[in-house]
Each structure stands twice: as C-alpha cells, then as structure tokens.
Amino acid sequence: MSSSSAVRIEPLSRPLAGSVRVPGDKSISHRAVLFSAMAEGTSTLSGVLDSEDVRSSMKVVEALGAKVALDKQPDGSLAGEVRGWGSEGPRQPEGPLDCGNSGTTARLLMGVLAPWGIEAEITGDESLTRRPMRRITAPLMKMGVRFSPDGKETLPVTERGTSALRPITYDSPMASAQLKTAVLLAGVYADGTTTVNEPAPSRNHTELMLPEFGVKTTAGERTASVVGPARLEACDVHVPGDPSSAAFLACAAVLKPGSDVTIENVSLNAARIGFVRTLERMGADVSIARTGVAGKEPFGTISVRFTPRLRGCEVPADKIASIVDEIPVLALVAAHAQGITVFREVGELRVKETDRLRAVIDGLEALGVDAWEDGNDLHIEGQPGLVAPAGLVFDSGGDHRLAMTWALVGLVGREPVDVKDFECVAISYPGFLDDMERLAS
C-alpha cells in the first residue's frame, strides 16, 4: 500500500464472546475463479472471498476472455457464475495482466497460460514485483514454456505458452502450494503424467478441487500428479471460511481475558489448521468440530477460550508450510507464553509481502519481548503477563497479516496502538475490525 497514514486501534471494552463466520477461504477462492475460467461451460460459485487479491484473479481471467458474474451477497461474500474459455483457450490480452498484490494470482496464472500460444506480460504492484518468481518459471520452462527476459527472477515477465507441453516429474526444492499448482495446471494439458514431489506437505486445495472439475488427480502427503491431456468441465464450488482469517480471531480470544468464541463454517483442511495444533501445543483452550464437507473440503467450527497460562513450544520445520501465513500472530501469542518458542526453518517469511521475519522480530522488540533469528529459525522468549507500553506505532509495510497482528496488540491490550497502512487488511479480511468489535459488543 502506498499510504503511510496510521489507524488508531483502541482496546476492546469487553471480552470476545459468541459466534462468528469469517470470510471465504482466499486460497480456495482463487482456485475456484481460475479453474472455472479454464473450464468448458459455466460454473456456479458461492462463498467466494470479496477481497482485493481475489478480485485480481477475477480481473485477469476477464482480460483473458472468461465471463465473470459474481455479485456481493448479504453476508459480504461473492456468488454467481463464471463462464470459462474451455477448449477455445484464453484470448490474447490487450495489455499487461496486473495481479495487484496477489502472489497466488501471478504464480497460478503462469500455469494457466502455459498450454496456450498467446503472449502475455504478467505484472503487479510494487510489493509483488519484489517477490521471487523463478521458483515457478523454472519448472514450467522444463515443460516448454518460454519467459522473457531470460533468467528474470521477479515480475514483470512475459510468458509464451505452447500446445506441445512436456510432462515432467519435478522435485520441488520447497513446500509450495503455488508452485505445485502452477505445474499441475500445465500438466493437465501435457501428454502424460506430471508429478510434483515436495520436501514437506503443502496446501492440497488444488488436488481436492481438480477432480471436481473432472481432472484425474492423485495425491499423497508430499506428492501430487495429474494425467494429461485432459480438460476441465464446469462444476459448482462452495468456498468455506478462511482458516488464516480465523487464526486472528482465535488468537485474540486466547489473549483477551474472559473470551469464549466459536468460529463457524471454517475450512478444517488438515493442511490449513496447523495454527490450531500450535495453539494446542502452547496449552491454549481450543478445539475443532467437523460439521460438513464442501466438495472434498471439510468444514466445521473452531472454539476458543481465554487461556491465562500459555507455554512455549517448538514448531518443527515440516509443520511450517501449514502455518506460514499465521506465524506473525502465533508469534504474538508466543510473546505471552512461559518459556521460549521456536519456529524452525521459516526463511520463507523473508519473501512474503514484506520481510515478515524481520518485521515480527522488530515488532516484538517494540513490545519489550526478546526475539531473534538463528539461521532460518525464529526464537521468542515469552513474558507471561506481558503489558504493551503506551504510545506504540507499528508499520505494517502494507502487509495484511502484519497489520492484523499488530492491531491485536491494541485490541486485546490496555493501551491503544497506531498501525500504519492498516487499510491493507482489505487484501484478505476487509471486515476484520467490524467482526472483532461485534464479538466484544
């Protein structure tokens, strides 16, 4: 975000109590829009997150010829229809495809465009053009896709696909659902089996959703494959609530004395609720209950109560992919725990919307909490009874996860805080403050 104005976040006057529904899952919403645009026919979507990031995906598929008719619903979500380009393929765009701040849009788009002979420039805002893209372009080039300028590590890049994609078996150097999805989407159109192997499990929304669109997909804990050539057929997709958004409400309830909150209709995908398991290891009073399934995505409730005594814990490297977006707010909880919490191998935080690793350490130090990095590990020495000093000003750096994390310092504390560029929460959770205030009313 370009603005440097600060928003004052006042302490909540009451505990958080009652039930709440968070907005639709961002990862699933992106895929619902993109896969529907690729499909033959018209898909019906509901529960789609209305955020700047998801609207970036909507805009780029419209620029490529899909017909998107998603309207705002009374609950704030988007619902309606997307008519895909199917076997005709996307049209040549008239200008650059602007992905805004959305890394998911940019990276998945590379796989979407791979099988088609059009040429498209992919770009984004200042933050997105600093984020690494070579991790996606490298495997796609092995399949026959061309990118220019040669060797470019970041956006903007120009992609030219090919109808003669080669299937590959790719051993990914990192656990990344975005990388995995881009390669699998290209593999749908290659002649043979395309497989992605990962060093640790990543989000599996793509493997769960592609079969709904008629694409044969196999998946294990650290591997996924598609068999091509195949084509996507339109289907109905309902998007459950976003666990990453739910994490901020859950952590707030853990920290705010007297709180008792139930988060309803939230995705309980095992690859997405690592934050619940981490809170459990810290001794938090948190539980989940499955109530249904949307396609192959389980959903249900997360119940959380204030927990006066928390303990530090160690989060191993193979669990980080399941909590990578929640580490900032979990770090804030760790700051209130007895002992040291260690998040292992979190170097990926350095290349998110900001350098989140440095930002978390700096923010906790402003609270008077010792936090440090050792290699790629994050260490936090908690302070039970931690009280934030008056007059704190946090700079989100335009990063929505940091903006909400630092807002919690004020919301659950005794003193107001100022958060610069707080408006960036619109990227994923536009109604965050409204939901917090409603639970405290």
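Which residues in α7 meet V329, L330, L332 and V333 in α9? In this predicted model, the residues of α7 that take part are A247, F248, C251, V254 and L255. Helix α7 spans residues 243–255 and helix α9 spans residues 327–334. Their axes come within 10 Å and cross at roughly 5°. Angles under 35 degrees count as roughly parallel, and α7 and α9 are therefore described as roughly parallel to each other. Sorted by class, the contact of α7 with α9 consists of 9 nonpolar residues, with no polar and no charged ones.

The structure holds 5 aromatic pairs. A pair of aromatic rings is described by the distance of the centres and the angle of the planes. For F35 and F213, the ring centres are 6.0 Å apart and the planes stand at 80°, so this pair is edge-to-face. F35 lies in helix α1, residues 26–38, whereas F213 lies in the loop between α6 (205–209) and β12 (217–219). The pair therefore ties together parts that are 178 residues apart in sequence. Both F35 and F213 are buried.

A second pair, F394 with W406, is stacked, with 4.7 Å from centre to centre and 5° between the planes. F394 is part of strand β22 (residues 393–395) and W406 is part of helix α11 (residues 400–411), so this pair ties together parts that are 12 residues apart in sequence. F394 and W406 are likewise both buried.

The remaining part of this account concerns strand β21 and its partners. Strand β21 covers residues 377–381 and is mostly covered, since 4 of its 5 residues are buried. Strand β19, residues 340–343, runs antiparallel to β21 and is joined to it by 4 bridges. Within this pairing, I340 has E381 of β21 as its bridge partner.

Strand β20, residues 370–374, also pairs with β21 in the antiparallel sense, over 5 bridges. Here E373 stands opposite L378 in β21. β20 and β21 form a hairpin with 2 residues between them. In the turn of this hairpin, G375 has a positive phi of about 65°.

Terms used
Residues are numbered from 1 along each chain as its sequence is written. This is a predicted model: local features need pLDDT of at least 70, side-chain atom pairs count only at pLDDT 80 or more; totals for chains, interfaces and linings use all residues. Side-chain values use heavy atoms; hydrogens and water are left out. Rings of Phe, Tyr and Trp (its six-membered ring) pair if their centres lie within 6.5 Å; planes under 30 degrees apart count as stacked, over 60 as edge-to-face and the rest as tilted. Buried means under 20% relative accessible area, exposed over 50%, partly exposed in between (1.4 Å probe, protein chains only). Two strands pair if DSSP finds at least two bridges between them. Axes are lines fitted to C-alpha atoms, for helices over the stretch in contact, and angles run from 0 to 180 degrees between N-to-C directions. Angles under 35 degrees count as roughly parallel, over 145 as roughly antiparallel, 65 to 115 as roughly perpendicular and the rest as oblique. Contact means heavy atoms within 4.5 Å. Ala, Val, Leu, Ile, Met, Phe, Trp, Tyr, Cys and Pro count as nonpolar, Asp, Glu, Lys and Arg as charged, and the others, Gly among them, as polar.
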